[in-house]
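Work through these exercises on aromatic rings. Each task is followed by its solution.

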Amino acid sequence: MSVNEDLHHTFSLCRQFLRLVGVWPDPDTPLSDFRPYLRFFITMCILSMYVYVPQLMNAIRSWGNMDLVIHYTASANYSFLACCKLVVTRYHGETLRTLMTSFRTDWMTSKRNWERNTMLKVARTGRSISFCCYMSVICATSVYVYMHLLKFYRNICLSERKLVYPFDYPYDIQKSPYYVITYFTQMCAGLCAAYTNSTVDTFVSLLLLHVCAQLINLRTMLNNLVEKLAEKSIPSTKFKEGITAIVLRHESLIRNAKMIDNCYSMVLLVHMMVATFQLCFESFEVYTKITHNNSDGTTGSKMGFLVFYVMLLLIQLYMYCYSAEKLLTESTAMAYGVYECKWYDIPSRDARDLMFIVYRSMIPLRLTAGKFSTFSIEMFGTMVKTSMGYLSMLLAIKN
């Protein structure tokens with residue numbers, strides 16, 4: 001495959017949607033093009049006016065009814081998180097464009113088969129996790145669309161019609177054209193929130209995994225260079241040139257990882273808090289549906305939607321934790337790579353140059369939430385445990 005095909009293959013599941021909402025950091029798009037800004041503005045207006053604000057107001061009005069407050073707050077939280085991710089991706093667009101240009105250069109300069117195979121292998125892992133995320137969101141949104149189309153069919157003939165997210169708009173929603181347009185706009189806004197969260201999560205995870213692939217390639221290059229010097233197939237001057245290039249490349253990868261963390265650290269703090277409460281709220285709704293007999297014919301559909309939604313939340317959180325854990329492991333593995341190579345078979349003056357890499361690898365690269373908490377597999381378990389603790393508290397209050 002060509003360089004563009006490789007890059008598009010890696011980001012194919014998220015590139016089209018981010019381009020649709022106007023936040024894809026395309027290095028080939030000129031900054032003077034106003035169309036992405038227009039699409040971004042329209043998306044933000046739809047998300048805020050047709051999901052976030054209505055559900056936030058409904059939660060405030062329903063204060064005292066715990067079931068309704070939790071239901072409305074869950075939708076408001078999820079749409080708010082989608083807006084935050086869009087704003088951050090748009091705001092850091094120039095930085096992300098620089099990263100994408102750097103990644104394209106990585107594909108262009110990787111001439112050896114083992115380098116490209118490593119990059120494709122790591123990219124396939126990321127795509128597999130992304131595929132699971134998209135399958136969950138497709139299943140959840142399919143049930144979501146079915147429920148609300150059924151609701152629309154039942155309401156269209158009634159004198160008092162209900163919206164997807166009840167709200168008092170400054171026009172008469174009971175009139176047929178306004179009702180239909182508002183209803184389907186709200187439904188599309190809910191779909192947009194789900195796909196926005198999933199797509200940005202996928203995008204960030206793939207960025208991190210690409211850095212991991214480059215660290216693996218760099219460690220292999222270091223081992224090959226030391227082995228050649230140990231076998232005396234290259235002179236010491238050639239070794240110094242190679243080790244200089246490796247150190248510079250290592251510094252570049254460290255900067256890339258820190259750029260990703262700087263761009264998304266604050267929004268990931270929001271994601272961490274929202275995901276914890278979302279898991280609690282949706283698990284509470286599942287418990288409520290199971291323990292309360294309801295003659296409503298849509299109860300089975302609602303249960304299916306909630307189950308897929310919980311799965312989606314878990315997969316989205318796991319994507320961050322897995323990619324961050326991989327980054328932490330591969331960044332520290334650079335130091336272990338120095339210990340594992342044949343440094344004992346090369347001259348001591350050349351072996352001392354390897355300490356530059358060891359020193360730079362002592363502090364692992366991290367993906368943080370607000371710069372104080374590090375994403376990892378351990379953090380995944382902690383967040384799920386904390387969410388279930390909140391669930392126990394809600395059930396105790398309800399009972």
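A charge sits over a ring if NZ of Lys or CZ of Arg is within 6 Å of the ring centre and within 35 degrees of the ring normal. The model used here is predicted.

**Exercise 1.** Find which residue lies over the face of Tyr-37.

Solution. Arg-90 lies over the face of Tyr-37. Its distance from the ring centre is 4.2 Å.

**Exercise 2.** Count the aromatic pairs, then classify Phe-305 with Tyr-309.

Solution. Step one: pairing needs ring centres within 6.5 Å. The count by this rule is 21 aromatic pairs. Step two: Phe-305 and Tyr-309 are 5.7 Å apart, centre to centre, with 25° between the planes. Planes under 30 degrees apart count as stacked, so this pair is stacked.

**Exercise 3.** Decide whether Phe-305 and Tyr-309 are buried or exposed.

Solution. The cut-off for buried is under 20% relative accessible area. Phe-305 has 18%, so Phe-305 is buried. Tyr-309 has 8%, so Tyr-309 is buried too.

**Exercise 4.** Classify the pair Tyr-318 and Phe-380, and locate both residues.

Solution. The ring centres of Tyr-318 and Phe-380 are 5.6 Å apart. Their planes meet at 80°, so the pair is edge-to-face. Tyr-318 is in helix H8, and Phe-380 is in helix H11 (residues 377-398). The pair links distant parts of the chain, 62 residues apart. Tyr-318 has 32% relative accessibility, so Tyr-318 counts as partly exposed.

Technical notes: Residues are numbered from 1 along each chain as its sequence is written. This is a predicted model: local features need pLDDT of at least 70, side-chain atom pairs count only at pLDDT 80 or more; totals for chains, interfaces and linings use all residues. Side-chain values use heavy atoms; hydrogens and water are left out. Rings of Phe, Tyr and Trp (its six-membered ring) pair if their centres lie within 6.5 Å; planes under 30 degrees apart count as stacked, over 60 as edge-to-face and the rest as tilted. Buried means under 20% relative accessible area, exposed over 50%, partly exposed in between (1.4 Å probe, protein chains only). Helices (H or I, at least four residues) and strands (E, at least two) are DSSP runs, numbered from the N terminus.
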